[in-house]
Amino acid sequence: MVTALEVAGLSKSFGDARALENADLVLRQGEIHAIVGENGAGKSTLVKCLAGMVVPDAGEVSVRGALLSFGNSRASREAGISTSFQELSLLSNLTVGENLLIAELPTRLGIVGRRSVARRAKEVLDEWEVPDLDPDMLVEDLPLSAKQRLETLRAMYVRPSLLILDEPTAALPDTDWLFAKIRELVRAGTTVLYISHKLGEIRELCDRGTVLRNGEVVGSFDDSNFDANSLISMMIGRSIELVFPARQHELPPDAPTVLQTRGMTVGTKLRGVDLDIREGEIVGVAALEGQGQRALFYGLAGAGPMTGGTVTIDGRPYRAKTPRAALNSGRGIALVPEERKIEGLFADLSTVQNITSTALGRVTSFGLVRGAAEVQLAAGAGADAQLPAEFLAREVGQLSGGNQQKTVLARTALSGARVLLMFDPTRGIDPSAKLEVYGMLRRASAEGIALVFYSTEIPELVGLSDRVVVLYNGRIAAELTGEAIREDHILAAAVGHGGEIPDGPEQVK
Amino acid sequence: MTGLRRWLGRLSTGGTTRAALFLLIVLVVWDQRQIGGLTVRLIESYLVLATPLIVASIGVTLVIITREFDLSAAGVVTLVNVLMATSLQSLNPWLMVVVFVLLGAGIGLVNGVLVVYGKLPGIAVTLATLVIPQGLALIRLKTPGGIVPRTLVDALKTHATVPRALILILALAAAWLVFRRTRLGMYMFAIGKDEEALRLSGVSTRAVRIAIFSIAGALYGFAGVLIALTTETGDANIGNAYLLSTFAAVAVGGTAFVGGTGSAIGSIFGALTLVAIPKVLFVLGISNWMVQVVTGIIILIAVLLGAIAARRAKDREMLSAHYADVGDDSA
């Protein structure tokens, strides 16, 4: 058995966040090896370490017995590694041909000739049976599926000895072309590392696979007849049991609908979503990375564009162009965004100022903010959010993630919103702070606020939601209520796997 | 109204075309009101006068295209102008030019290295490399003066059938057309659009950034030489005029300050327009004190038309994304 790639003890942390922990991996010559795992399991970090884009903190990688030097994309390329990236590495202001040949643009007397680029690119496109791509077209004019195809073709046409494909089908409507080409390469001796969360594809294409969770290798499978359910439970793992606060009062069956969307569309990211969210209801949104959840939340909050469909609040049509309009429109939608440090808070201002920043009108006289009244207002809201009073005078930037989250919640409570959208509210905060956020969710719900929250942690969705909506490829793939809200159901729908859920994006109508 | 809007739309699509049109309007007005019209002599001296700003603003254009900022132009031109009039006088004058262009490139290299390896914002780094050379120039030459090599002055200013300055400007335009099709030129546009994507594509983005800062610095050095040749003196305060006018020339030239897009030819037109404005105001009998106001208004119009173009491009992008969606569904 020849070893194509050997990864030994690879570790990488970004700040406090651990992305890869002592990961080991061995690829046999000529195999198609799958890497599966949830969001944040470390898949993309592994890819970037291999491609020379990220320098790992510890560990070794050898390619066909030769040690790979890290952080050097040229070294990785010369070792025969070629990568198609999940986030697409195309330059939109260059043509298809220029993108295809970018690392080795052909020059004559130092000039990159338009025609020689087009000619060479055309040869490649013909050879790889991609007739619909025009080498002279600007990449920014291509639809997403064509960009995805170009990204994978650019990794494949150099006929690498190790091909890495990171979520190559995220935007690809049909996989026939891709899989045929991958198999052609493998017949010619290429080894493939295939990163995907679509279990159907992996079953069809891959020989073996490795499961990552929280940066660690937690399991593997040796043939394509793997049991999907046991694989899914490997991906979820058994983390610390968090106790979710129970609902205090039953949701009344006749609770009126607060937020309603019909055919809500955001470009190609969200395609016709119908939602009905009732007073006091907690709706969890589950989705793997990039399935339209951001478009849904930001579109509703007026922080992103909406290209089609209608939204009503309490039966009245609503369309916000800015977050401020969303907050002020009639009774208001408030968004607690992801990446609070960047988007949601003013790190240099005090906690008091952050809490009152959207409600300054209440404590302003003659255009001046009354300091004492501001502090009083912030203290009240902060106490409701379980934010210890001693933090009020500190700069928000110095607070822990959990206390920052409470600050955002306190501010949102002051804004008097009717609908609260929370995008991954517990990301990166410690377990006790998580519990406090859960409690806050429950209290908001008890006050009749309609709550929609997205979380990458499926147990949270199960523990807190009255209803779970699973997004896949910009559409609702499943809507689960009551006993049907289970981790395995959610994950199965999120990976496009499961009874009533069709397996390919082109069949999802 | 719709006719006007369509006309504005068409006008706003190409930045360089827009800049050429501005220049044309300015020159026509000048020609109409100048007693005896625009003579060859007049044009010749006008072109000579414009060369330093043209060269410096091409340098700034390159950096702007990479989505960075470079204030050092004014510093480098000042230092080189003063050194041209005071130092290395025993050297072969042409060798002097080479040395000063390399001095500019060296300062650009420092900018690039500090931005790339120090991970510092270009505006902060080049603020330092703006002020330090200006300070050195003041130490070297407290009051304007010095001697500039006659050979070089004559080389630029001697009357010829085809003005020397025009040859220089055409050569710069040709060099631009070639440069943007070199690998470095293409990476320059790519890095301004999406640095991370270029890095993931396997291109050393650090090398590209440092190279562009260095080339820009070399151009500033050359612009400093040209200032010495046009004014035939050294002046440690000359740079102040260049600090804003280089950026103004880039803006009037139709290069949007967003990265990944821009044209040195546009900047040539922009610089020529800015240099013509005082002349035109003079022949129109408008006070010289109005120059800044008029320049500001022209910058505003240029930027406004550029923004309209950008918005239209964005609309098109949204639409094409929408159509792509429809296409995917029917597949």
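**Exercise 1. Find the bridge partner of A:Val283 in E20(A), then describe the setting of this strand.**

Step 1. Across from A:Val283, the bridge partner in E20(A) is A:Val452. Helices (H or I, at least four residues) and strands (E, at least two) are DSSP runs, numbered from the N terminus. The model is a predicted one, where local features need pLDDT of at least 70, side-chain atom pairs count only at pLDDT 80 or more, and totals for chains, interfaces and linings use all residues. Residues are numbered from 1 along each chain as its sequence is written, while chains are lettered from A and ligands numbered from 1 in the order in which they are written.

Step 2. Strand E13 (residues 282-286) of chain A runs parallel to E20(A), and four bridges join them. Two strands count as paired if DSSP finds at least two bridges between them.

Step 3. Now look at strand E19 (residues 419-423) of chain A, which is parallel to E20(A) and joined to it by five bridges. Here A:Val419 stands opposite A:Ala450.

Step 4. Check the cover: five of the five residues of E20(A), 450-454, are buried. A residue is buried if 20 or more other C-beta atoms lie within 10 Å of its own, exposed if 12 or fewer, and partly exposed in between, with C-beta atoms placed from the backbone. A:Ala450, A:Val452 and A:Tyr454 point one way, and A:Leu451 and A:Phe453 point the other way.

**Exercise 2. Follow helix H13 (residues 264-283) of chain B and locate its kink.**

Step 1. Its 20 residues reach 29 Å from first C-alpha to last, close to the expected 28 Å. The expected span is 1.5 Å times one less than the number of residues.

Step 2. The kink, about 35°, lies at B:Ile277, shortly before the proline B:Pro278. The bend at a residue is the angle between axes fitted to the seven residues ending there and the seven starting there.

Step 3. H13(B) is largely enclosed by the rest of the structure, because 15 of its 20 residues are buried.

Step 4. After the helix comes B:Gly285, with a positive phi near 75°.

**Exercise 3. Describe the side of chain B that touches chain A.**

Step 1. Start with the count: 27 residues of chain B are in contact with 30 residues of chain A. Two residues are in contact if their C-beta atoms, placed from the backbone, lie within 7 Å.

Step 2. Helix H9 (183-193), helix H10 (195-200) and helix H14 (291-330) of chain B are the elements that give two or more residues to this side. H14(B) supplies the largest share, eight residues.
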